[in-house]
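Reader: I am new to this structure and would like a close look at a single part, the place where the two chains meet. Could you take me through that part carefully, starting with how far the prediction can be trusted?

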Amino acid sequence: MARVLLFGLLADVAGWREADIPGETLAALRAELGKDEDLGQALARPGVQVAVDRVIVRGEAALTAASEVAFMPPMSGG
Amino acid sequence: MTVVLQVEPFEPGALLGRFCHGRLETGAVASFTGLARADEGATDILELEAYPGLTDAEIARIAGDAAERFGLQDWLVVHRIGKIAPGEAIVFVATAAGHRREAFEACDYLMDYLKSRAPFWKKSHGPDGVRWIEPTDRDRTDVERWETP
């Protein structure tokens with residue numbers, strides 16, 4: 001289980017911004033989120049980054065119930 | 001060495017004045033102000049989303065890298081979040097150094113990284129509906145020029 005946050009376009013695609021989602025790893029979380037096909041496709045797009053507990057991670061990460069996992073589409077500031 | 005994320009509009013001139021105040025050993029201050037564009041009527045409002053706790057930390061990390069690379073004495077980044085009307089300032093960056101070249105280059109570097117590497121998401125609201133703005137090819141090549149050895 002992890003607290004999942006969606007940013008930007010991803011939140012619009014999913015229709016939510018924040019939810020508790022079951023999953024012990026990022027891969028399990030992605031599989032769960034991918035049950036919503038549109039969200040699964042949006043998460044698989046190039047340039048989508050992941051942060052666990054507010055640290056950007058590449059690859060896999062172990063999660064706990066207290067983990068905050070953010071999925072972030074390409075960034076655009078300034 | 002300060003990052004500010006704020007919903008309220010800001011006055012860039014006032015920020016620059018305060019940033020320059022009381023500096024006896026700073027030969028150069030460079031600044032950049034980014035304004036929201038109307039895009040010839042296509043944008044009524046820009047909406048900026050950030051991830052508090054990550055966005056400010058990433059900006060501080062990027063600015064720390066710039067400070068080390070260019071030998072900055074000080075820097076300031078102020079970035080709006082929430083809804084921004086065309087003509088209002090979105091971002092203000094100021095850099096302080098002993099000499100002008102370092103201040104100019106660090107300011108340029110900071111803006112290139114803020115455009116495509118800082119956690120912000122930008123949405124345009126206009127007469128044709130809502131559109132997410134993603135970094136352009138130019139934004140990507142602008143930041144890559146600092147990364148080639």
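Author: This is a predicted model, and for chain B the average pLDDT is 97, with 100% of the residues scoring at least 70. For the complex, the predictor gives an ipTM of 0.93 together with a pTM of 0.94.

Around helix H1 of chain B, which covers residues 12-20, the N-terminal end is capped by B:Glu11, a side-chain oxygen of which lies 2.9 Å from the backbone nitrogen of B:Gly13. After H1(B) comes B:Gly22, which has a positive phi, near 75°.

Now to the part you asked about. The contact draws on 21 residues from chain A and 26 residues from chain B. The size of an interface is often given as the accessible area lost when the parts come together. Of the area that chain A buries against chain B, 37% is supplied by A:Met75, A:Ser76 and A:Gly78, which is more than any other three residues supply.

The rule finds three salt bridges between chain A and chain B, and in a salt bridge between B:Glu134 and A:Arg45 the side chains meet at 3.1 Å, N to O. Residue pairs in polar contact between the two chains, both residues at pLDDT 80 or more, number 14.

On the side of chain A that touches chain B, at least two residues each come from strand E1 (2-6), helix H1 (9-14), strand E4 (55-57) and strand E5 (68-72) of chain A. The largest share, three residues, is that of E5(A). Sorted by class, this side of chain A has twelve nonpolar, four polar and five charged residues.

Conventions. Residues are numbered from 1 along each chain as its sequence is written. Chains are lettered from A and ligands numbered from 1 in the order in which they are written. Side-chain values use heavy atoms; hydrogens and water are left out. Contact means heavy atoms within 4.5 Å. Buried area is the accessible area (1.4 Å probe) that two parts lose on being put together, summed over both. A salt bridge is a side-chain nitrogen of Lys or Arg within 4 Å of a carboxyl oxygen of Asp or Glu. A polar contact is a pair of N or O atoms within 3.5 Å; within protein, one must be able to donate a hydrogen and the other to accept it, and residues adjacent in sequence count only if both atoms are side-chain atoms. Helices (H or I, at least four residues) and strands (E, at least two) are DSSP runs, numbered from the N terminus. Ala, Val, Leu, Ile, Met, Phe, Trp, Tyr, Cys and Pro count as nonpolar, Asp, Glu, Lys and Arg as charged, and the others, Gly among them, as polar. pLDDT is the predictor's confidence in each residue, from 0 to 100.
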